[in-house]
Protein chains: 2
Amino acid sequence: MRYSKLFGKTQKQISKEIESKSHQLLVKAGFVDQLAAGIYTWLPLGKKSLSKIDEIIRTQMNAIGGQEITMPILHPKKNWVQTGRWDSVDILFKLKSTHGAQYALGPTHEEVITPLVAKYINSYKDLPIFLYQIQTKLRDEPRAKSGVIRGREFGMKDMYSFHTDQKDLASFYQKVIDAYLNIFSQCGLEAKVTEASGGEFTKKYSHEFLVISPAGEDTVIYCPNCTFAQNKEISKFKATDPCPKCSGELAADKAIEVGNIFDLETKFSKDFNLTYLDKSGKKEYVYMGCYGLGDTRLVGAIVENNHDELGIIWPEKIAPYKLHLISISSRKIDQKIRENKNTSNLENPAKVAEDLYKDLTLNNIEVLFDDRKDTTPGQKLVDADLIGCPYKLVISQKSLSAGGFELTKRGQNESKIVTRDQLLETLL
Amino acid sequence: MRYSKLFGKTQKQISKEIESKSHQLLVKAGFVDQLAAGIYTWLPLGKKSLSKIDEIIRTQMNAIGGQEITMPILHPKKNWVQTGRWDSVDILFKLKSTHGAQYALGPTHEEVITPLVAKYINSYKDLPIFLYQIQTKLRDEPRAKSGVIRGREFGMKDMYSFHTDQKDLASFYQKVIDAYLNIFSQCGLEAKVTEASGGEFTKKYSHEFLVISPAGEDTVIYCPNCTFAQNKEISKFKATDPCPKCSGELAADKAIEVGNIFDLETKFSKDFNLTYLDKSGKKEYVYMGCYGLGDTRLVGAIVENNHDELGIIWPEKIAPYKLHLISISSRKIDQKIRENKNTSNLENPAKVAEDLYKDLTLNNIEVLFDDRKDTTPGQKLVDADLIGCPYKLVISQKSLSAGGFELTKRGQNESKIVTRDQLLETLL
């Protein structure tokens, strides 16, 4: 992509009301734009990163047998009345059609998927089933803050699983934990599997996936030496207490919740009469699990935990482009080339960059090429660090004299001169 | 995919209220499920076809320079007040937060994209820009009927273009027409580029893309011999009139609108003060075009125009799977194989099908394998025709004796016996 053509260039001035670091960086670097409190447009760079996260999620969900569907945003009021949540869920957006129908805007989809599955399931032979969607959720959040970390409108992968019994559910639940950790690790994040409140439906714990970060709204009490982790809200322990699992010393830190999974038992199955016939022909309620993962929030968490004073440092798999290509041409050389004198041993960096851009693109390497003509080299370098692609390649008369291009890995100080072939070897 | 595991199997009984043919077939074959009037869940088969359409659209939009973004569903009331459309658009869903904010649910996105672009555009050097999204739209339709062809919640690709002048807009507008025709042709549809009302903003025509179909809500007056086509609503002509372009005889037919493109001139630029500085430093309003294409509606139009009495006939690029694989085992052979007698020259069709399924999958061929054990061969064949994958492959003792597998192209009567290698040659 040519940066000159890209919509959503870096912003020098951003609103002073923007508090969180990830929000500042995502807006400054041109990934998102705020339409209203908690409501964002994903600009081309942000959309690219978000799509990469979605593909990682999709691959992991498919690998454990998930089938992708898309459920509606508009939910009939009666479905929410049937579970008692029309009145009890305070963040529910409620909507009335001028033609009389009343809807909830889906903040989660148990009210839709449970009656859906009830239509298609008859026998134990039809189970287990794992269904997921990556879809827009709407919640009437009183505090829409921290940018894409807590929005009124946001993206979420929600999966629902359906089982004949608790044991089968427990075994799948563990598979989801592993898949989630795999997703977060590909996003450059280390998430703690944290015991949290099971909500109103169960006395058991639910599990939150918490990423330690000063921008977090939760507090995790955890053991640095083992896997023990509890949300402060439910923990009987505090920092410096001995770990109940390994006797190490517990710590407490702010953390961002990037996922949350629940054993729903038969709560919704009972509400919607979701049953199956077992081997002996007896009617039994289906056991359900539900597994949430916020994809747009994940972008915020990644940036909170992957940046420096210059800008974002994207994990390779999430970066909108792998390489940020910049040519720095000196006026003197441009002049000489124009006057066509004494240039036999001089290459024009801008021309070399143009050729390399086409070359890399043909090799399927995702390149953001800053081809702007009216921008100073200094500004281009600042923008590259702010946008935060994993590699920056500078082509200048100096680098060409040294035999190649100057390659810097984002987040590292040292650069090295590489040839075209060495560059391809690094990037492919 | 093993059909035994697929969620959303064929339905024998469907609601008698379902009138349109595409709706009946999509529900019966397990592609969509109706949650409420005009509101649908896309089941795994439907989601697969829809994703293929979206990828075709994406490729074509990117090829003409489109950049993908995602804009919100929740639009602040003030944006719609600013264009005067808060009160004038009757299908607008209006929503009030318990925290005071008022929103429209986006039925289209001029109210969001125009102020967005105004933030980022300064000079003629920043233009033209082409932005699109594939996103959920919400409209408070009084008549939500014909299944996915007219929904209250539906998918749409909407693109918006921004230009320095009318000439540049006109040239891009033509590129979009070509890209749209390319998309529809890949979807197995022939669309007529039809002059239609320009709406409230302009005296010029807009252009609708109409697909002739008895299920259509529009009527197109067109010439079978040339490209003349007008929506009946604006046409001065009627069927049997002489064509004003070529003197042929005009025809009139019902048609489904699958796309609609508008020259918006400077209507929204003026509302949101979207200006640029021209070469002489003078402030000018930006010219805008807008280009809609309903992806979920397209699924309905494809099925309306591609089915027979047995079921759907998917165009190859839109089919959820390329091949529907069925093994028919005879009880006698099963018995002999089980008793392990006299089987030296007999192959077990079920075993051959299992091996072929794995073989084809490794060759990246999308196969729907009906591996159900408690379903009759007759039912499997009926389901295959209903679901409508482009190829059906039957493995039976009879086909194996004849040297291979029985391949039928959906919509054709003749089948032929093919070997594994001939099959791969056909499918790859």
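Predicted model: local features only at pLDDT ≥ 70, side-chain atom pairs only at ≥ 80, totals over all residues.
**Exercise 1. A pair of strands in chain B**

Which residue is the bridge partner of Leu407(B) in β21(B)?

*Solution.* Begin with strand β20 of chain B, which covers residues 405–409 and is joined to β21(B) by four bridges, the two strands running antiparallel. Looking across to β21(B), one finds that the bridge partner of Leu407(B) is Lys416(B).

Next, widen the view to the sheet, which is open and has five strands in the order β18-β17-β19-β20-β21 of chain B, with mixed pairing. The edges are taken by β18 (367–370) and β21 (415–418) of chain B, and because each has a single partner strand, one side of each is left without a neighbour in the sheet. From one strand to the next, the twist averages 25 degrees.

**Exercise 2. Helices on the sheet of chain B**

Determine which strands of chain B are touched by helix α13, and which strands helix α11 of chain B lies across.

*Solution.* Take helix α11 of chain B, residues 377–387, which lies across β17 (323–328), β18 and β19 (391–396) of chain B and runs at about 175 degrees to β17(B). Then turn to helix α13 of chain B, residues 420–427, which packs on the sheet and touches β17, β19, β20 and β21 of chain B, while its direction makes about 120 degrees with that of β21(B).

**Exercise 3. The sheet of chain A**

Find the order of the strands in the five-stranded open sheet of chain A, and state which residue stands opposite Val394(A) in β20(A).

*Solution.* The order in chain A is β18-β17-β19-β20-β21, and the pairing is mixed. At the edges stand β18 (367–370) and β21 (415–418) of chain A, each with a single partner strand, so one side of each has no neighbour in the sheet.

Now follow the strands β19 (residues 391–396) and β20 (residues 405–409) of chain A, which run antiparallel and are joined by four bridges. Within this pairing, the residue opposite Val394(A) is Glu406(A) in β20(A). Helix α11 of chain A, residues 377–387, packs on the sheet by touching β17 (323–328), β18 and β19 of chain A, and its direction makes about 175 degrees with that of β17(A).

**Exercise 4. Backbone exceptions**

Locate the cis peptide bond that ends at Pro128(A), and say in which strand Glu265(B) is found.

*Solution.* As a background, most residues other than glycine have a negative phi, and most peptide bonds are trans. The bond joining Leu127(A) and Pro128(A) is cis, with omega about -5 degrees, and Pro128(A) lies in the loop between α5 (110–120) and β7 (129–138) of chain A. In chain B, the peptide bond from Leu127(B) to Pro128(B) is cis, with omega near -5 degrees.

Glu265(B), although not a glycine, has a positive phi of about 50 degrees, and belongs to strand β13 (residues 251–265) of chain B.

**Exercise 5. Relating the two chains**

What rotation superposes chain A on chain B, and which residue of chain A comes closest to the axis?

*Solution.* A rotation of 180 degrees, with 0.0 Å of shift along its axis, superposes chain A on chain B at an RMSD of 0.0 Å. That is the relation of a two-fold axis. Of the residues of chain A, Leu95(A) comes closest to the axis, its C-alpha lying at 2.9 Å.

Terms used:
Residues numbered from 1 in each chain as written. Chains lettered and ligands numbered in written order. Least-squares fit on C-alpha atoms with pLDDT ≥ 70 in both. Pairing = 2+ DSSP bridges. Axes fitted to C-alpha atoms, helices over the stretch in contact; angles between N-to-C directions. Contact = placed C-beta atoms within 7 Å.
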